[in-house]
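My notes follow in the order I made them.

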Amino acid sequence: MAIAERTAGTVSIPGVNVRPGWAGWLSTTDHKRIGIMYLVSAFVFFLIGGIEALLMRIQLGVPDNTFLTPDVYNQMFTMHGTTMIFLGLMPLNVGLGNYMVPLMIGARDMAFPRLNALSIWLFIFGGLMLYVSFLVGGAPNVGWFAYAPLTQKQFAPTAGVDYWIIGIGLTGVASIAGALNFIVTILNMRAPGMTLNRMPLFVWMQLVVAFILIFAFPVLTVGTIQLLFDRHFGTRFFLPNLGGDAVLWQHLFWFFGHPEVYILILPTMGIISEVLPTFSRKPIFGYAFVAYSGVAIGFLGFLVWAHHMFAVGLGPLANAFFGAASFLIAVPTGVKIFNWLATMWQGSLNLTTSMHYAIGFISMFIIGGISGITLASPPINVQQTDSYYVVAHMHYVLFGGAIQGIFAGIFYWFPKMTGRMLDERLGKWQFWLMLISFNLTFFPMHLSGNAGMPRRIYTYEAEMGWNLWNLISTIGSLLLAVAFLLFLWNVVTSVRRGPVAPADPWDGATLEWAVSSPPPVYNFAVTPRVRSRRPLWDQKYPQLHEINGGHGASGAYHGERRDGFEHDTPPAMEPIHLPSPTYAPLIVSVGIMILGFGIIYLGDFGLIAASAMLVGLLTMAFGILTWVRISHVDSPHHAH
């Protein structure tokens, strides 16, 4: 029994209460609840994006199909890509990070809990804004990359693109706020003794991603604002016939868009770097190389954006530079793969479902990386860039890589988050069905792409020779949907009646396993004191710590015996200060959303739209004033 469990009933938290029912979730500032809200809402959006993908695959399953009209197909295509990138994969990673990072560094919450709450509500409302477009004239139909000048009024006259701009803007602000929160939390709130070189690798990758976000996302935000001004206020940023430059949009978008790949993949690399050592019962091989290769990927990710633009005509010098940078970024990625393989080498492997997904991640990501290397060559890229070969490459990186890594993390941390164990047998069935159906879906796209099938088409003629590969891909996508249904069934049944999870079900090494499952609201009754990279493991097995070259006491808690985390007498309690629940972030987010609706319709319904904007601004002002008041009252220096 962990210290936090033994003392849960004795900790007094003045001025803090957990509201029951829905009120508690709507007003929460607890990083754990916010993490769960991210995970649940992102998974709902992910399922919607999957349904959109199934509709596209049904349309492409046979030649000359009329299941979807061209316009509806383009709407599905745009919303699928937008949903999976902005509303699915990225917030799933944020959800895991929100829940686990404070626990892994020994903190009681994020640095800015109310800003954290604002982030989740802006994300949810941004996603809802995107999907409202289906009900008011049609969703955007310009692709998730929204290339100019297709996004201008004469080519996209409905409000779909405007909803895309506002929705992406809201999620962008949420991401930037969340990134700043992660940076301050990780750099300033680590437990005593947890130096940067003792941080868990998942925390390392979240820190790198946070820095990527604050440099990459503002560029996209600026680009979407320019696009909004082009559409509504007579500017000409992306209008070539009026002196603008359509290629400028591609530079702005891909300066965000390629670092976005690492925003999606680096957290899952961090997950793999936690899962493999735990189930290999070995320390990670080459900790420093794994950590700093992530930093190198984050830096080099900003030097390769134009390899998405080799067919634009940038010239041989630019193509050579970005091609070389694209080859170079494979080096730190390869370093990680070899370190993961070395970690498993001669380890005592425990092939749990999480371990299955970690190994599946490595194998599928290698395939996606190899196809990425071929696309880094400008001459090859020019031939393949508009073909289904690129679709295959992207999905092997983001689905075979990021999604399998996320599932590894979910099966690994689900007991900690819910206090229940997932069904391992059902999980392994899901893994094998997902792995097989994933390859059935996306590997044939390499072949159809090399056979000349262009991407972004809604149908094709039977004489083109792509029939078999498309049929196989469609069958694979249907089987893939079954795999996700198995996961949903596993989660629902396990939450209700799964085996009760102990605090440390996997014999873990890091601090999150030192508290109860699920953790108390305050995380740690006593602030951890860290003296190694694997504080819990070295606490449980001090003799192995000494054999592995540890120096001095390795306990995670100051004053504890080195034979475990149990105490006959709990240590003295520390003062614990946590913020009270508040609706202020929700109110501010509602105001911003109302303001967004007003901006969209300002040109068509002037007075009504202006009134909506005024209501939005007043709602924001009320929320901000409430925020300031509760912040003052909640201050640890405020006299109650």
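I started with Gln 346, which is exposed at a relative accessible area of 71%. My cut-offs: buried is under 20% relative accessible area, exposed is over 50%, and partly exposed is in between, with a 1.4 Å probe and protein chains only. Before going on I noted that this is a predicted model, where local features need pLDDT of at least 70 and side-chain atom pairs count only at pLDDT 80 or more, while totals for chains, interfaces and linings use all residues. Residues are numbered from 1 along each chain as its sequence is written, and side-chain values use heavy atoms, with hydrogens and water left out.

Gln 346 sits in the loop between helix 11 and helix 12. Helices here are DSSP runs of H or I with at least four residues, numbered from the N terminus. I looked up its backbone: phi of Gln 346 is positive, about 60°, although the residue is not a glycine. Arg 281 is another non-glycine with positive phi, near 55°. That is worth a note because most residues other than glycine have a negative phi, and most peptide bonds are trans.

Where are the cis peptide bonds that I wrote down? One runs from Ala 148 to Pro 149, with omega near 0°. Pro 149 belongs to the loop between helix 5 and helix 6. Another joins Ser 517 and Pro 518, with omega about -5°, and Pro 518 lies in the loop between helix 16 and helix 17.

**Thr 151**

I stayed in the loop between helix 5 (113-132) and helix 6 for Thr 151. Is Thr 151 buried or exposed? Its relative accessible area is 0%, so I put it down as buried. Leaving out residues up to four places away in sequence, Thr 151 touches Val 142, Ala 146, Ala 156, Val 161, Leu 227 and Arg 231. Contact means heavy atoms within 4.5 Å.

**Salt bridges**

How many salt bridges does the structure hold? I get 6, taking a salt bridge as a side-chain nitrogen of Lys or Arg within 4 Å of a carboxyl oxygen of Asp or Glu.

Arg 231, already on my list as a contact of Thr 151, meets Asp 162 in one of them, at 2.8 Å from N to O. This pair links distant parts of the chain: Arg 231 is in helix 7 (residues 201-232) and Asp 162 in helix 6 (residues 160-188), 69 residues apart. Arg 231 and Asp 162 are both buried.

Next I checked Asp 507, which bridges to Arg 281 with the closest N and O atoms 2.7 Å apart. Again distant parts are linked: Asp 507 is in the loop between helix 16 (467-497) and helix 17 (535-540), Arg 281 in the loop between helix 8 (246-280) and helix 9 (287-300), 226 residues apart. Asp 507 is buried at 17%, whereas Arg 281 is partly exposed at 40%.

Asp 504 pairs with Lys 540, the closest N and O atoms being 2.5 Å apart. Asp 504 is in the loop between helix 16 and helix 17, Lys 540 is in helix 17, and 36 residues separate them. I have Asp 504 as partly exposed at 21%, and Lys 540 as partly exposed at 21%. Arg 281, Asp 504, Asp 507 and Lys 540 are linked in a network of salt bridges.

**Helix packing**

For the geometry, axes are lines fitted to C-alpha atoms over the stretch in contact, and angles run from 0 to 180 degrees between N-to-C directions. Helix 9 and helix 11 (residues 330-344) pack at about 155°, axes 8 Å apart. That makes the two roughly antiparallel; under 35 degrees counts as roughly parallel, over 145 as roughly antiparallel, 65 to 115 as roughly perpendicular and the rest as oblique. Contact residues include Phe 289, Val 290 and Ile 297 of helix 9 and Pro 332, Val 335 and Lys 336 of helix 11.

Helix 8 and helix 12 (residues 353-375) have axes that come within 9 Å and cross at roughly 130°, so I logged them as oblique to each other. Their contact involves, among others, Ile 265, Met 269 and Phe 279 of helix 8 and Met 355, Phe 361 and Phe 365 of helix 12.
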